[in-house]
Number of protein chains: 2
Amino acid sequence: MRADAVRNVERILRAARAVYAETGPDAQLEEIAQQAGVTIRTLFRRFPTKADLVRAALEHGIAEVLTPVVERALTDDDPLRGLVTVIEASLALATSEYNLLAAARGAGTLTADASAEFYESMTQLAQRAQDAGLLRADLVPDDLPRIMGMLVSTIWSMPPDSEGWRRYLALVLDGMSPTAGRHLPPALKHDRISPTAHALA
Amino acid sequence: MRADAVRNVERILRAARAVYAETGPDAQLEEIAQQAGVTIRTLFRRFPTKADLVRAALEHGIAEVLTPVVERALTDDDPLRGLVTVIEASLALATSEYNLLAAARGAGTLTADASAEFYESMTQLAQRAQDAGLLRADLVPDDLPRIMGMLVSTIWSMPPDSEGWRRYLALVLDGMSPTAGRHLPPALKHDRISPTAHALA
């Protein structure tokens, strides 16, 4: 891509995140193009469907907000603290990009390809926390996207940008504790291509 | 409603559940009308939009499958066992009506009005379990639909009709145990009219 094309994409994605945040899950593409200072033709050339734009805007948010947190968390002396920090940052992102996430659910096209790297890092942290006896030993990597999906699901019953998810994170962390007692039934393979998959799941 | 109209509604809803289960979340209304033995006009007179039909079909499933379980659970000597039985029956229903539930998510019109009575019964069981020291004392009624929503969210990453949700139920029950140790941040009021609310949430 030429440098001006790269700049246009960056401006479109930043505008998309801002306009969705302001106006709700039915944000208008014309308004996004206008705020980005590009023509609607340019926007459509880069993002042929609204679903493409929504997915790219979410990935933009993940890259900008989450990636630096994950990198720091991987160097945390306390792997459980690192893991919890990553989960908290993900849920804070999910609430700040609430409308984009709602649009992605509506579009029903979101896959979790973008977050493969994210889950690899989470898996590393979780395994180190297990080795240190800080996390129940019977958790497996396929549990992590489902646990994230469970936590993200709570935000739809709350006002956008609230921190009400913290209560359910505490509850789920208690269930993930090494002293939690129930036998866990087997984990099914996580089907990442589910048409209705959550953004971060 | 006249007796034949009542019969038609019953046949349409039963056909809707069967056709959705067979053909997926994009089931055709013509096929449902045909299987119910009514004209498409009759179907549209009773259910002006697909969202109306999907919601009514889910309510039909709840009334048929869940209500008897809830009534029995309310008389269980062990209120925690009663509560768990109700949660298990709900998740079994959610997986058997997977496609209807997926269609409802897509339609984005589902409210939880239908399940107000359901959550009242769950609240009764949860409070009795708390009184008996079987459930953590800091859970409040608004937690119950969110916990159900979390558990339902896990089914989208699994094949329809699987029982993989049992693993996450065990994990969450460990978090709901009276010996679970974390301080829970405050519970926000559950916003039942969220446009993207889950069927059972």
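Tutor: Residues are numbered from 1 along each chain as written, while chains are lettered from A and ligands numbered from 1 in the order written. The model is predicted, with local features needing pLDDT of at least 70, side-chain atom pairs counting only at pLDDT 80 or more, and totals for chains, interfaces and linings using all residues; side-chain values use heavy atoms, without hydrogens and water.

Student: What is A:Leu169 in contact with, leaving aside neighbours within four places in sequence?

Tutor: Contact means heavy atoms within 4.5 Å, and A:Leu169 has such contacts with A:Ile87, A:Glu88 and A:Leu151. A:Glu88 is 81 residues away along the chain, yet the two C-alpha atoms are separated by 8.3 Å.

Student: And what makes B:Glu97 buried?

Tutor: Its relative accessible area is 8%, which is under the 20% limit, so B:Glu97 counts as buried. You can find B:Glu97 in the loop between α5 (79-96) and α6 (98-107) of chain B. Beyond neighbours within four places in sequence, B:Glu97 is in contact with B:Arg17 and B:Leu58.

Student: How do you know that A:Asp174 and B:Arg136 form a salt bridge?

Tutor: The term asks for a side-chain nitrogen of Lys or Arg within 4 Å of a carboxyl oxygen of Asp or Glu. Here the closest N and O atoms are 2.8 Å apart, so the pair qualifies. Between chain B and chain A the count is four salt bridges.

Student: How much area do chain B and chain A bury between them?

Tutor: About 3,700 Å², 59% of it on carbon and sulfur atoms. Buried area is the accessible area (1.4 Å probe) that two parts lose on being put together, summed over both. B:Arg167, B:Leu171 and B:Arg182 supply 21% of what chain B buries against chain A, more than any other three residues. The contact takes 45 residues from each of chain B and chain A.

Student: Which residues of α8(A) and α8(B) meet?

Tutor: In α8(A), A:Gly149, A:Met150, A:Leu151 and A:Ser153 meet B:Gly149, B:Met150, B:Leu151 and B:Ser153 in α8(B).

Note on methods. Helix = DSSP H or I, 4+ residues; strand = E, 2+ residues; numbered from the N terminus. Buried < 20%, exposed > 50% of the residue type's maximum accessible area, 1.4 Å probe, protein only.
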